[in-house]
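Here is a short report on a two-chain model. Look at the sequence and the structure first, then read on.

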Amino acid sequence: MKRFLAFLVIGFVLAAMPALSATQGTGKAPAKKSLEQTGRFHQIHTKKLAMDCGTCHQSEQGDILLQVPRAKVVDRQICLACHKEGSKPAWYGVVAR
Amino acid sequence: MTKFVRLIDQKRCMGCRACMSACAAENYFTPEAPWNSMLEYEVGTYPTVKKIYNTLNCMHCERPSCKAACDSVGAKAISKNEFGVVLIDYNKCIGCGYCAAVCPYGVPQLNKEVKPLYPGKGKNGAETIANADRHPTHRKKQKTAEKCTFCTHKLEQAVTDGKTDRIGKDQAYTPSCDIVCPVQARMFGDIDDPKSEVAQRIKATGATQLRKQFGTGPQVYYVIEQGAKS
């Protein structure tokens, strides 16, 4: 009986491991570097940093200087708040090498 | 030092889009990746309203955010050359789109598919030229980021011909968008040469860069129309 229970527990743990690792994002190949929702860019912001979509995608219209022909843009002022010089990764104000 | 800059005068621009057409012909535009676009919007309240025409190319920033993002993903496809021109190496580009996502001006465009400029009408004249016969910046590739190059093929020609002093003056050595403007709303030249027309006009008009708060040091100056977004 004990042996049966031990097998049952081990079997359950083994069966549950892929699901657990998927939810925790461990043991998976790194997300592709792309802007798609499944890509690294969105994964870092939404999963790692737990940011809501609305944090960046604040309005349909966005900034007038980013309007045409670019749809669904994020106002870069939002990016600037975190990615300025001195932060990691810094994208704005960084000297080109 | 030589630092090439562009001046765009919003007060003169009438939105004719000749600059866009010239760029399309010179640089083999594809529908998904225009290198030059025209923003058009109204400001003011009735009856005091006016239309703003804001043409946008690459700003060729001194501290380009596109390059910082590209380097951060390890692609290192973006460089800034001795003329201050920011260029994308299509052979190194991995098509991640990070450059497009971070640019404060939304300039780089990801060419997901290389389509003819006029869909359903076949290839236009320039599109029939084989990639191998084109300048490297005109060798269109799928899933590759593209943007304005300050017509770098013309600048290179000026170097080859020993005519760098004619950049911004001669048709052969000046970006096409800047030479076709019918109202002289665009100008190109060396800002480090105090005698150059562009340097003098920037000084005289108080022209400034757009979105300076990003600290990227754009090399395109605008004479801002009253009420326009900057």
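## A strand pair in chain B

B:M38 stands opposite B:T55, a residue of strand 3 of chain B. Strand 2 of chain B pairs with strand 3 of chain B, in the antiparallel sense, over nine bridges. Two strands pair if DSSP finds at least two bridges between them. Two residues lie between strand 2 and strand 3 of chain B, and the two strands form a hairpin.

In a regular strand, side chains alternate between the two faces of the sheet.

## About the model

This is a predicted model, in which local features need pLDDT of at least 70, side-chain atom pairs count only at pLDDT 80 or more, and totals for chains, interfaces and linings use all residues. Residues are numbered from 1 along each chain as its sequence is written, while chains are lettered from A and ligands numbered from 1 in the order in which they are written.

The pLDDT is the predictor's confidence in each residue, from 0 to 100. Chain B has a mean pLDDT of 93, and 100% of its residues reach 70 or more. The model scores ipTM 0.81 and pTM 0.86.

## Helix 1 of chain B

Which residues of helix 1 of chain B are buried? They are B:C19, B:C23, B:A24 and B:N27, in a helix that spans residues 18-27. A buried residue has 20 or more other C-beta atoms within 10 Å of its own, with C-beta atoms placed from the backbone; 12 or fewer make a residue exposed, and those in between are partly exposed. The four cover an arc of only 135° around the axis, which puts them on the same side of helix 1 of chain B. The arc is that of the directions from the helix axis to the C-beta atoms.

An α-helix has 3.6 residues a turn, so residues three or four places apart point the same way. The cover over the buried residues of helix 1 of chain B includes strand 3 (48-56), helix 5 (176-180) and strand 8 (186-190) of chain B. Just after this helix, B:Y28 takes a positive phi of about 55°.

## Where the chains meet

Chain A has four helices and zero strands. Contact means that the C-beta atoms of two residues, placed from the backbone, lie within 7 Å. In all, 28 residues of chain B are in contact with 24 residues of chain A. Helix 2 of chain B gives the most to the side of chain B that touches chain A, with five residues.
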